[in-house]
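Me: Hi! I have a new structure open and would like a friendly walk through it. Could you help me find my way around?

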Amino acid sequence: RIQLYTLGTPNGFKVSVALEELGLAYDTHVISIKNGDQFSDAFKAVNPNSKIPAITDPNGPDGKPFNVIESGAILLYLAEKTGKLLPSDQRRKWEAVQWLFWQMAGVGPMFGQFGHFTVYAPEKLPYAIERYSKEARRSLSATSTRLRTSPCGHGWTACSVSTKPTTP
């Protein structure tokens, strides 16, 4: 069974959504950021960067346990492992991959910063709130104009899985 290290955040949900969609057996290990679990030696053995999500696949590419970190990398790994979540047509595959990277580098971080500065920051910083509000709106505009038929173009892909927990 795959071991999933995560928390109930938009980024944390991406991998559990993929595992469910793919029908892969997994065990969930909740990594409490409030308790500092991400800094434990046990978790840092899986992800030295101390961030969720992460997985350990007991049947990695060479048949040995394999750790995968970063939600986008995990989604690509699971897609390759199962032959699902990426189109077989190369043009459509690379369209999905580029929009997956768009989500990882744009939507996810911008929404995360927006949430942080509007909800969690101990001090309200107008510049930060305005900047990340604009970025979040710009990302939503790109989503609604370019990606009307599916969050990532052609069918349910790794990009769709990464975008769904982040967008309304």
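**A first look around**

Reply: Happy to! Let's begin with serine 50, which is buried, at a relative accessible area of 9%; buried means under 20% relative accessible area, exposed over 50% and partly exposed in between, with a 1.4 Å probe and protein chains only.

Me: Where does serine 50 lie?

Reply: Serine 50 is in the loop between helix 2 and strand 3. Its phi is positive, about 60°, although serine 50 is not a glycine.

Me: Before we go on, what kind of model is this?

Reply: This is a predicted model, where local features need pLDDT of at least 70 and side-chain atom pairs count only at pLDDT 80 or more, while totals for chains, interfaces and linings use all residues. Residues are numbered from 1 along each chain as its sequence is written, and side-chain values use heavy atoms, with hydrogens and water left out.

Me: Thanks. How many helices and strands does the protein have?

Reply: There are six helices and four strands. Helices (H or I, at least four residues) and strands (E, at least two) are DSSP runs, numbered from the N terminus. Starting at the N terminus, the order is β-α-β-α-β-β-α-α-α-α.

Me: Now helix 1. Why does its length agree with what a helix should span?

Reply: Helix 1 covers residues 10-22, and at 1.5 Å a residue its 13 residues should span 18 Å; the end C-alpha atoms are 19 Å apart, which agrees. The expected span is 1.5 Å times one less than the number of residues.

Me: Which residues of helix 1 are buried?

Reply: Gly12, Lys14, Val15, Ser16, Ala18, Leu19 and Leu22. Alanine 18 has 0% relative accessibility. The C-alpha atoms of alanine 18 and lysine 84 are 9.9 Å from each other, with the two residues 66 apart along the chain.

Me: What comes just after helix 1?

Reply: Glycine 23, with a positive phi of about 70°. Leucine 85 has a positive phi too, near 70°, and is a residue other than glycine. You'll find leucine 85 in the loop between helix 3 (71-82) and helix 4 (90-120), and at 9% relative accessibility it counts as buried.

Me: New topic: which residues touch the most other members in the largest nonpolar core?

Reply: Of its 19 residues, those are Ile2, Leu4, Val15, Leu19, Ile55, Ile74 and Leu78. Strand 1 (2-6), helix 1, helix 3 and helix 4 each supply at least two residues of this core, and helix 3 gives the most, with five. A nonpolar core is a set of buried Ala, Val, Leu, Ile, Met, Phe, Trp, Tyr and Cys residues joined through side-chain atoms within 4.5 Å.

Me: And what is isoleucine 55 in contact with?

Reply: Leaving aside neighbours within four places in sequence, the contacts of isoleucine 55 include Ile2, Leu4, Val15, Phe66, Ile74 and Leu78. Contact means heavy atoms within 4.5 Å.

Me: Last one: how much of the protein counts as buried?

Reply: Of its 168 residues, 43%. Among contacts between residues at least 6 apart in sequence, 55% join residues at least 24 apart.
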